[in-house]
Amino acid sequence: MVTMEELREMDCSVLKRLMNRDENSSAGGSGNHGTLGLLSGGKCLLLDCRPFLAHSAGYIRGSVNVRCNTIVRRRAKGSVSLEQILPAEEEVRARLRSGLYSAVIVYDERSPRAESLREDSTVSLVVQALRRNAERTDICLLKGGYERFSSEYPEFCSKTKALAAIPPPMPPGATESLDLGCSSCGTPLHDQGGPVEILPFLYLGSAYHAARRDMLDALGITALLNVSSDCPNHFEGHYQYKCIPVEDNHKADISSWFMEAIEYIDAVKDCRGRVLVHCQAGISRSATICLAYLMMKKRVRLEEAFEFVKQRRSIISPNFSFMGQLLQFESQVLATSCAAEAASPSGPLRERGKTTPTPTSQFVFSFPVSVGVHSAPSSLPYLHSPITTSPSC
């Protein structure tokens, strides 16, 4: 049981002052507000102990979402490790073990006091893991959790914007010009809006979007992942391309391409680029790749990843075979996430991939410090993701 002696408490006003001080000290600087740059030069770490979807809907700026779903809990048998709760944050784990954080602030949805925490709560499990691995670090519970802090200081929180529904059918006069924009793609009219942002560096769309250079440039797209065997690469001299020649049918083995696709997306991210993943309609094949990426890199279950992507692109619908392959991938991802050594896309999962070599490009596979932000304004109907990029995430 987490007791008052084990866990100090922090008022929301104190956290607000820390964050305000950090903003003032970084004014006129590089503007890097990544996880390690938050709260007095990276001396404090903010951990969001809520479920993935709750964090995605809204979170305190700069916080890192811990992974502690039911599968992790069951396999951990009441005692989780840093590798299990922070599987992708290698640098954060190293800083914790080295005692480089002066304090770790944990929060859930609304717990008012430390004494009200249940022994099997996520916060309790996270605190126990921190106590075992970061003995020199002060640990505090944010009183009232996200609910109180976001109500008192919404300016220090990031929330998901209203997610747009599928655009209504366009008037007959407007369809002709759209058809001319991608006459070879044949994308349905209801799919001719803008790409959606899944992560700050990852977009999901259709062949129509891939044929619109104005859209790609407005979003800062630098690379495209074409998940089809027949959609053309329209601008090979301007963007980097990778093709995954998979058909949208029950016989296709899309899972054999998961690791190659994930590495390609990471390569673009590491170079501070942005990648558009597309197929013909942006419904089945490309959505499957985005789901696999979320499951692998965010260590979330298929159900959570599917809900997250569907909130941004409501028409996604991987075919039945692809869903089965994603479920198999989920079991492997979550199994390896429970092992201390499983924090990279190597090992058993790699063996499932095709034997084709890693895509040849100028990209270097490494953990990025941050992802560049495309500052050009745009009126295109795309959606921003609430997940922030953190080091080695």
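This is a predicted model: local features need pLDDT of at least 70, side-chain atom pairs count only at pLDDT 80 or more; totals for chains, interfaces and linings use all residues.
Q: Which side chain does the side chain of arginine 50 make a polar contact with?
A: The side chain of arginine 50 makes a polar contact with the side chain of glutamate 109, at 3.3 Å. If residues up to four places away in sequence are left aside, arginine 50 touches Glu109 and also His55, Gly58, Tyr59, Asn65, Val66, Tyr107, Asp108 and Tyr146.

Q: What about the second largest pocket, which residues lie nearest its centre?
A: Arg50 is one of them, together with Cys49, Pro51, Cys68 and Thr122, and the lining has 21 residues.

Q: How do the residues of that lining divide?
A: The lining of the second largest pocket divides into eight charged, seven nonpolar and six polar residues, and the space in this pocket is about 350 Å³.

Q: Changing topic, which residues touch the most other members in the largest nonpolar core?
A: Those are Ile198, Leu202, Leu225, Ile265, Ile289 and Phe329, out of the 44 residues in that core. At least two core residues come from each of several helices and strands, among them strand E8 (196–199), strand E10 (223–226), helix H12 (258–270) and helix H15 (320–337). The largest share, nine residues, is supplied by H13.

Q: How many residues are in the second, separate core?
A: That core has 27 residues, including Val64, Leu96, Tyr101 and Ala129.

Q: What does the side chain of glutamate 330 reach?
A: The side chain of glutamate 330 reaches the backbone nitrogen of leucine 302 at 2.7 Å. Not counting residues up to four places away in sequence, glutamate 330 touches Leu302 along with Met295, Arg301 and Glu303.

Q: And how far is its C-alpha atom from that of valine 300?
A: The C-alpha atoms of glutamate 330 and valine 300 are separated by 8.2 Å, although the two are 30 residues apart along the chain.

Definitions and conventions: Residues are numbered from 1 along each chain as its sequence is written. Side-chain values use heavy atoms; hydrogens and water are left out. A nonpolar core is a set of buried Ala, Val, Leu, Ile, Met, Phe, Trp, Tyr and Cys residues joined through side-chain atoms within 4.5 Å. Buried means under 20% relative accessible area, exposed over 50%, partly exposed in between (1.4 Å probe, protein chains only). Helices (H or I, at least four residues) and strands (E, at least two) are DSSP runs, numbered from the N terminus. A polar contact is a pair of N or O atoms within 3.5 Å; within protein, one must be able to donate a hydrogen and the other to accept it, and residues adjacent in sequence count only if both atoms are side-chain atoms. Contact means heavy atoms within 4.5 Å. On a 1 Å grid over the protein atoms alone, a cavity is a set of points where a 1.4 Å probe fits but cannot get out, and a pocket is an open set with protein on both sides within 12 Å along at least five of seven lines; lining residues have an atom within 4 Å of a point. Grid points are joined across faces, edges and corners, and a volume is the space filled by probe spheres set on the points. Ala, Val, Leu, Ile, Met, Phe, Trp, Tyr, Cys and Pro count as nonpolar, Asp, Glu, Lys and Arg as charged, and the others, Gly among them, as polar.
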